[in-house]
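Here is a friendly walk through one protein model. Keep the sequence and the 3D view open while you read.

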Amino acid sequence: MKRRDSLNYLSYLFIFSFLFFPLFFLSCGNSQRVGDSLNPLGTVPTKWNKYLAAGTVSATLDVYRNNGKHELTQGLNVDLTNGVVTADPFSLPTGDTYRFLITFYYTLPNGDAIPYAYADFKALIDELSEQVQFSENDIRYSYDTSNPEVTASISDGLLPNLDNDSDGWNNWEELRDKANPQDGNSIPQNPKVTITGKQDGSANTATITVTATDNSRVED
């Protein structure tokens, strides 16, 4: 009897392994790596380095499922010198179209992180998905309020506030012009051009200096 029971046990074990082990391997393989620190997640304008190099730029990634459920939040690495954004490795379950929302922040001298741009795009993640990437064309500094999805995202609080002081100038315009995006009275100034000159009548020549002033930046 003991020998027969042992054989029955081995038979059940074999059947169990045959039926369920493939499911086990399938369940382990239903996620796809999306983030890769060795490859860029996307590119940003190199002009950012001109206007924002004096401070700290950071970015966060929020991923949402097609049904709107929040999947993950992760910090990103922003390299202004080379204009690239990278992410530490992360994976997403396959078989769904995800919404990727990347928010860019600039840290002011007082320590406040000001959102000034965002990238909003979608991608299907399956076993054949390649590296998910965004480009400069996906980056926005203000909102297209005629887009129903954008309007809904603002109402739901998904999209960041890009005008902290509500003065009609978005945060990027104010940061670029060295205005304070948290002060409604600090707004971008139109460039002013001053021309001065001195004529030398005997030599029939003149020395002319043109100065363009734009807030605290002065270029001759």
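Lys178 counts as exposed, at 54% relative accessibility (exposed means over 50% relative accessible area, buried under 20%, and partly exposed in between, with a 1.4 Å probe and protein chains only). You can find Lys178 in the loop between α4 and β10. Its phi is near 60°, a positive value in a residue other than glycine.

Look for Ser166 in the loop between α3 (148–155) and α4 (171–176). Ser166 is exposed, with a relative accessible area of 63%. The element names follow DSSP runs, numbered from the N terminus: helices are H or I with at least four residues, and strands are E with at least two.

## How to read this model

This is a predicted model, in which local features need pLDDT of at least 70, side-chain atom pairs count only at pLDDT 80 or more, and totals for chains, interfaces and linings use all residues. Residues are numbered from 1 along each chain as its sequence is written, and side-chain values use heavy atoms, leaving out hydrogens and water.

## An open sheet

In what order do the 7 strands of the open sheet come? The order is β2-β5-β4-β3-β7-β8-β9, with antiparallel pairing (two strands pair if DSSP finds at least two bridges between them). β2 (42–43) and β9 (139–140) stand at the edges with a single partner strand each, so one side of each has no neighbour in the sheet.

Strand β8 (residues 113–125) is joined to β9 by 2 bridges, and the two run antiparallel. Here Tyr118 stands opposite Arg140 in β9.

Asp62 lies in strand β3 (residues 56–64). Which side chain does Asp62 meet in a polar contact? The side chains of Asp62 and His70 are joined by a polar contact of 2.9 Å (a pair of N or O atoms within 3.5 Å; within protein, one must be able to donate a hydrogen and the other to accept it, and residues adjacent in sequence count only if both atoms are side-chain atoms).

## A partly exposed valine

Val210 has its place in strand β11. Val210 is partly exposed, with a relative accessible area of 42%.
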